[in-house]
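Biologist: Before we use these labels, I would like to hear what stands behind them. Please show the structure.

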Amino acid sequence: MIELNKKEFKENIIEYLKLFYRKNIDEATNQQLFHAIAYSLKNTIIEQWMATHKTYEEKDVKTVYYLSMEFLMGRALGNNIINLKAEKVVREVLDELGIDLEDIEEEETDPALGNGGLGRLAACFLDSLSTLGYPAYGCGIRYKYGMFKQKIIDGYQVEVPDYWLEEGYPFEIKRPEYAKEVKFGGYVRMIRDEQGRDRFIQENYQSVKAVPYDIPIVGYGNNIVNTLRIWDAEAINTFNLESFDKGDYQKAVEQENLARIICEVLYPNDNHYAGKELRLKQQYFFVSASIQRAVSKYMEKHNNIKNLPEKVCFQLNDTHPTVAAAELMRILLDEYCLSWEEAWEITNKTCAYTNHTIMSEALEKWPIDLFSRLLPRIYQIVEEINRRFVMDIKKRYPGNESKIEKMAILYQGQVRMANLAIVASFSVNGVARLHTEILKNQELKDFYEMYPERFNNKTNGITQRRFLLHGNPLLADWVTKKIGDQWIVNLPHIDKLTAFSEDPISLREFMDIKYHNKKRLAKYIKEHNQIDIDTNSIFDIQVKRLHEYKRQLLNILHVMYLYNQLKKNPNMEFYPRTFIFGAKASAGYERAKSIIKLINSVGAVINEDTSIGNKIKVVFIENYRVSNGELLFAAADVSEQISTASKEASGTGNMKFMLNGAITIGTMDGANVEIVEEVGLENAFIFGLSSDEVINYEKNGGYNPQDIYHNDLGIKEVLDQLINGFYTPEKPNLFKNIYDSLLYSNGYEKADPYFILKDFRTYEAAQKRVAEAYLDKERWAKSALLNTAKCGKFSSDRTIEEYVQDIWHLEKIEPK
Ligand code: KOT
């Protein structure tokens with residue numbers, strides 16, 4: 001076991017401050033201290049990292065490469081301290097130096113190389129892979145600008161660039177020795193080589209140099225450190241004076257520009273395909289570099305490329321890295337001169353695909369002209385994959401054109417990436433049981449019929465190390481005191497808490513901790529929003545990306561409804577409630593941005609209205625991200641998981657709240673179904689249309705929200721307030737777009753496509769049950785505690801074990 005040595009750690013901090021900044025401890029800024037502490041910690045991490053890779057080499061292990069456009073890592077310092085089990089030593093040293101660890105952690109900007117659930121899932125998976133001792137690389141892009149920082153100005157979202165590397169990132173290491181060239185554009189020339197084989201040569205292309213940066217992923221207390229490898233682009237060095245003479249000056253400039261822009265920025269779209277050429281460049285860039293490197297690494301130790309699937313698996317995190325399959329084919333065909341059949345067999349045994357959404361606007365469909373111009377050789381290969389696949393369809397369904405229409409990879413001038421991913425992979429998985437069933441029975445029905453053995457479910461999970469041990473230390477300590485610390489690496493153990501669910505003293509302790517966490521959040525809100533909130537009120541929290549299907553609108557419309565009721569009847573029975581929202585909207589998603597403005601406008605009016613006796617407060621948390629997420633989950637009483645049934649593939653915020661003892665109000669969607677199955681219907685507030693009902697309405701052209709509007713006065717009053725200037729007298733038309741979307745169809749969309757009015761009354765009734773339930777403090781405490789106790793299934797450790805068992809077949813490396 002390589003452990004953090006107290007004496008060395010302390011000396012290193014002092015030494016680094018001198019070396020980097022010419023400062024003594026008492027002169028250094030917190031930012032400088034952060035860097036010195038992070039580097040000192042890295043000393044230990046590096047030792048473990050090297051030892052891990054030595055073991056991997058000796059054992060010649062099989063490795064999974066998790067290919068993802070997004071890794072939403074969040075801050076590393078606190079997490080690394082926890083996973084190194086070094087908290088005690090670090091705190092002792094910092095105490096001796098008069099430094100407060102929490103202050104130092106605040107100095108780290110969240111690396112936010114992801115949008116939301118998909119990117120955070122990748123980060124949780126890396127944590128679990130290391131903790132469980134499985135050999136893995138995360139492969140992604142070193143975006144210069146990550147997810148934008150959100151400012152709320154006058155109630156509107158304003159996007160501010162997130163230059164996360166400004167102060168340098170202490171945990172990364174540049175590895176120029178593993179750089180790879182990635183080629184774009186040009187054309188393909190076929191030549192016949194000396195052995196009489198056809199060879200395909202890409203000519204007149206532009207290329208960039210992909211340079212990897214490695215970030216350590218520390219396992220929990222097991223000496224294992226895996227790698228997140230993110231690629232940066234540098235110009236290939238052709239830009240010298242000679243170029244003027246050669247006439248390729250233009251090309252040299254273009255190559256430089258390409259290198260400059262390719263990793264510039266993360267596309268801030270969640271669940272949405274924008275079809276931008278630069279995005280496809282990003283995809284091919286990191287995929288090509290990762291696959292080239294994985295193949296070279298394999299060939300350093302093995303002599304037969306045909307056994308690649310025994311040692312390598314590429315997991316595609318949604319369709320974004322799907323060019324991986326064609327890139328691997330290219331390498332096998334063009335560089336290793338395998339036959340098509342040989343190359344295809346290897347590719348098909350090496351690639352596996354995870355589907356994360358059925359939202360049609362998220363489906364990647366690249367125009368063929370763009371795709372073939374940018375990736376001419378890759379396109380040829382896709383064409384051939386498609387040609388052979390269409391032959392298979394025809395053989396299986398003679399004369400059935402509709403099968404080709406639905407399943408072909410190339411169709412009507414587009415490359416359909418999901419179809420390519422399914423055809424090229426040996427495994428296709430959804431991310432929650434309901435989602436996988438919808439894939440099999442609806443969205444991907446034809447593929448399921450053709451390849452039933454490929455389909456499987458892997459219900460998502462989250463890491464309890466970050467979202468309980470780090471994010472909620474009071475509760476983590478209490479749990480450990482009650483049942484021991486096994487839960488940290490084996491979350492199902494937390495079920496032992498069930499034994500305390502009838503014990504009044506334990507219940508009081510549990511709720512006391514919740515209260516402390518509510519105070520911590522109230523302090524944050526006071527500092528950031530200048531709003532005083534009642535820590536005895538119900539903290540009702542919805543934090544996630546802003547998307548219409550997630551229905552933040554349903555939530556705020558209900559708040560407006562409650563406010564109307566209270567105004568009319570100030571003495572009505574009403575338990576004080578604090579509605580907390582946090583959400584970023586994609587920069588170009590106008591309706592989502594209107595909803596943010598609506599939430600803020602409603603808050604501005606209600607929070608100032610003394611006539612309702614502070615019974616409702618509405619808070620919008622600016623710049624929701626991993627770090628303030630940890631505070632929010634810990635402080636929640638109620639977890640809002642209210643997506644239109646069938647739309648949320650899984651959700652993972654739902655699990656983070658549950659782990660921290662919040663009770664779900666939600667629809668039977670995504671992983672909510674499995675959450676309720678674990679905790680029991682009596683310990684959640686479920687409402688709304690089922691996914692079957694939603695799907696049925698959709699098949700039959702939607703429903704008519706006008707009936708509801710005209711017949712339900714409470715709803716009508718709320719909707720009318722969107723267009724009569726009730727919340728924004730100076731701009732009465734501000735929310736007309738929202739009003740219209742709820743009541744009228746336009747050329748593209750049906751009226752109320754997310755069934756907000758349809759579900760309004762059942763939501764309202766469920767919220768009433770929440771309010772009533774909260775009055776019985778002991779009953780509530782029991783439910784809350786049971787949510788924590790029953791969340792064992794939702795650890796990403798369980799999810800990873802299932803991926804390993806069913807898909808990756810990795811060998812577990814035992815701690816040394
Ligand atoms: C799609 C396109 C671009 C960027 C992100 C997506 C995306 C995100 N697709 N699905 N997701 C979410 O993935 C999470 C992890 O599996 C799920 O929990 C969540 O329900 C998806 O919406």
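Biologist: Which residue in E17 stands opposite glycine 430?

Modeller: Asparagine 457 stands opposite glycine 430. Bear in mind that this is a predicted model.

Biologist: Which strand is joined to E16 by three bridges and runs parallel to it?

Modeller: Strand E12 (residues 351-354) is joined to E16 in that way. Within this pairing, threonine 354 has asparagine 429 as its bridge partner.

Biologist: Which way do the residues of E16 point, and are they buried or exposed?

Modeller: In strand E16 (residues 427-430), Ser427 and Asn429 point one way, while Val428 and Gly430 point the other way. All of them are buried. In a regular strand, side chains alternate between the two faces of the sheet.

Biologist: Why is lysine 656 called buried?

Modeller: The cut-off is 20 or more other C-beta atoms within 10 Å. Lysine 656 has 30 C-beta neighbours inside 10 Å, so it counts as buried. It is found in helix H25 (residues 653-659). Leaving out residues up to four places away in sequence, lysine 656 touches Ile462, Phe467 and Phe633.

Biologist: What does UniProt list for Lys656?

Modeller: An unreviewed UniProt entry lists Lys656 as "modified residue: N6-(pyridoxal phosphate)lysine". Such annotations may be inferred rather than shown by experiment.

Biologist: Why is H22 called oblique to H31?

Modeller: Helix H22 (residues 552-568) and helix H31 (residues 756-775) pack at about 60°, with their axes 10 Å apart. Angles under 35 degrees count as roughly parallel, and 65 to 115 as roughly perpendicular. The angle of about 60° therefore makes H22 oblique to H31. The crossing of the two helices is right-handed. Among the residues that meet there are Leu553, Leu557 and Tyr561 in H22, and Ile756, Phe760 and Tyr763 in H31.

Biologist: What makes E13 and E14 edge strands?

Modeller: Strand E13 (365-367) and strand E14 (410-411) each pair on one side only. The open sheet has the order E13-E15-E14, with antiparallel pairing. Two bridges join E14 to strand E15 (residues 414-416), and leucine 410 stands opposite valine 415 in E15.

Biologist: Which helix lies across E13 and E15?

Modeller: Helix H16 (residues 417-424) does, running at about 45° to E15.

Conventions. Residues are numbered from 1 along each chain as its sequence is written. This is a predicted model: local features need pLDDT of at least 70, side-chain atom pairs count only at pLDDT 80 or more; totals for chains, interfaces and linings use all residues. Two strands pair if DSSP finds at least two bridges between them. Helices (H or I, at least four residues) and strands (E, at least two) are DSSP runs, numbered from the N terminus. Two residues are in contact if their C-beta atoms, placed from the backbone, lie within 7 Å. Axes are lines fitted to C-alpha atoms, for helices over the stretch in contact, and angles run from 0 to 180 degrees between N-to-C directions. A residue is buried if 20 or more other C-beta atoms lie within 10 Å of its own, exposed if 12 or fewer, and partly exposed in between; C-beta atoms are placed from the backbone. Angles under 35 degrees count as roughly parallel, over 145 as roughly antiparallel, 65 to 115 as roughly perpendicular and the rest as oblique. A crossing is left-handed if the near helix is turned anticlockwise from the far one by less than a right angle, and right-handed if clockwise.
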